[in-house]
Amino acid sequence: AGIDPPSRMRYRLLARRPGARAARVIASWALLLFAAPASPQENGQRYVVTFGDRRPSARERASACSKRTLALAGVPQGEANVTRLFDSAVQGFAATLSPTAIGFFQTAGARVEADRSVSLFETRTAASPTARDDAAATRGRQGRRQRRFEGQGGSGALTGSGGATRREEDGRSAALLSTPTASAAAAAAAAGSPVATASVSIPWGLDRLDQPGYPLDNAFRATDGAGDVHIFVVDTGVNADHVEFAGRVGEGRDFVNDDDGPEDCYGHGTHVAGLAVGASFGVARAATLHALKVFGCSGEAAYSDVIAAVDWAIAHEARLKVLTMSLGGPASWAVDAAVANAVERGIPVIVAAGNDAGDACFTSPAREPAAVTVGMTDTDSLRTRDLAHPLTNSGACVDVFAPGAQVESASWETATGSAVRTGTSMACPYVAGIAAQHLSALAAAASAADAQPSADAVAR
């Protein structure tokens with residue numbers, strides 16, 4: 001579906017009627033004599049074209065790369081307009097194709113699928129304007145977007161243990177301690193201590209993560225900050241000025257505008273990143289954050305940009321990496337293969353199950369067996385028991401559930417604010433933070449043998 005031009009669809013229907021052989025001959029001549037060839041620009045549809053198999057060996061990857069090169073060299077001139085090349089996640093490309101090019105690449109052994117739209121898996125429920133509005137920082141953010149994302153991060157600044165970075169210890173206290181929503185909680189998190197005070201209320205989801213059952217104790221014990229792990233957030237970008245990420249924002253990529261400044265103008269990505277790595281809202285509180293922006297200001301994205309983001313993360317030089325994706329859409333072989341190949345390269349990939357109250361096995365990348373697919377839970381009004389959220393997707397493809405209802409995290413609008421959102425989008429980064437902790441612990445255990453922990457081991 002989605003790869004046959006209307007003329008071929010009509011031809012296929014004719015072939016099922018009585019006198020099909022004669023009809024096929026007539027239809028073929030009609031197409032040759034009267035059909036005007038459509039250029040890629042006139043067709044207007046972008047496709048994802050891939051070569052090779054899932055989780056290929058090095059030799060199979062090289063073979064698929066050769067097939068791609070030969071196919072691109074041989075396609076009739078003007079029939080394909082390539083917009084992106086994929087080298088690590090899959091061997092292939094995204095392109096606007098004419099019907100002629102579609103047939104050509106299929107004949108060359110490629111898979112061709114429509115470049116479908118992707119959705120974010122959250123429902124915005126409320127805003128929490130509890131922090132002071134840092135108007136100057138907000139006004140100046142756009143002008144500094146390129147410098148911020150290039151100037152921060154770097155694995156050498158991390159301690160490698162469950163504390164803050166050395167840069168944070170030196171210069172972050174004044175900004176954090178004046179912030180109502182992030183004051184005591186962030187200070188305790190920076191010290192690697194349990195967060196529990198009479199004046200600070202811990203978000204219930206975070207409170208729930210570090211204990212096997214109820215009652216909740218209004219504390220989160222960040223036993224491992226995963227300071228040697230890099231978490232890649234495929235989303236709407238991040239507000240890199242937010243105090244939740246101070247000193248820990250690494251380089252990223254904006255696949256919407258094709259530049260190196262993945263600034264968040266929608267809010268979802270900042271919220272998600274806060275749950276994975278935030279100093280007071282997050283789990284892996286010493287990990288380095290890398291924002292891979294695939295959604296624009298309207299919250300729209302395409303699978304080709306998602307694949308490009310996975311490609312970028314695989315190629316990144318960091319040794320210990322976790323990929324979190326609070327997104328999804330229609331079933332896609334290419335997206336599933338990209339996720340599977342990332343896992344094959346040692347990167348745990350955490351994905352949201354979706355919010356359709358249906359079967360997660362009908363969406364990508366939630367249906368991909370190599371990914372860790374996360375559904376969401378709620379709690380009762382008295383915070384005494386877990387409840388299955390009515391909107392969460394479930395089924396055989398869901399691996400684990402995590403808190404996802406009424407979750408507080410960082411806001412994109414100011415450097416200190418927070419917001420409350422609901423969705424499997426929120427449950428997913430919680431699990432990504434936990435995956436980072438496991439990856440860090442496994443890496444420490446394997447260091448004596450000079451081994452690399454596998455993504456499958458993290459999933460187990």
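1. Let's start with the overall layout: the chain holds 15 helices and 19 strands. Keep in mind as you look around that this is a predicted model.

2. How far can you trust the picture? The average pLDDT of the chain is 78, and 73% of the residues score at least 70. Residues 1–42 have a pLDDT below 50, and beyond near neighbours in sequence this stretch has 39 contacts in the model. Another stretch to read with care is residues 125–199, where pLDDT stays under 50; the model has 149 contacts for these residues beyond four places in sequence.

3. Next, the inside. Of the chain's 460 residues, 55% count as buried. The largest nonpolar core has 44 residues, and Val229, Ile231, Val322 and Ile350 touch the most other members. Several elements each supply at least two residues of this core, among them strand 7 (230–235), helix 11 (268–277), strand 15 (372–379) and helix 14 (424–446). Which element gives the largest share of this core? That is helix 14, with 10 residues.

4. Leaving aside residues up to four places away in sequence, Val229 touches Ala287, Thr288, Leu320, Val322, Ala436, Leu439 and Ser440. There is also a second, separate core of 39 residues, including Val48, Tyr303, Val339 and Ala370.

5. Now think about sequence distance. Among contacts in the chain with a separation of 6 or more, 77% are between residues 24 or more positions apart.

Technical notes: Residues numbered from 1 in each chain as written. Predicted model: local features only at pLDDT ≥ 70, side-chain atom pairs only at ≥ 80, totals over all residues. Heavy atoms only, no water. pLDDT = per-residue confidence, 0-100. Contact = heavy atoms within 4.5 Å. Core = buried A, V, L, I, M, F, W, Y, C linked by side-chain atoms within 4.5 Å. Buried < 20%, exposed > 50% of the residue type's maximum accessible area, 1.4 Å probe, protein only. Helix = DSSP H or I, 4+ residues; strand = E, 2+ residues; numbered from the N terminus.
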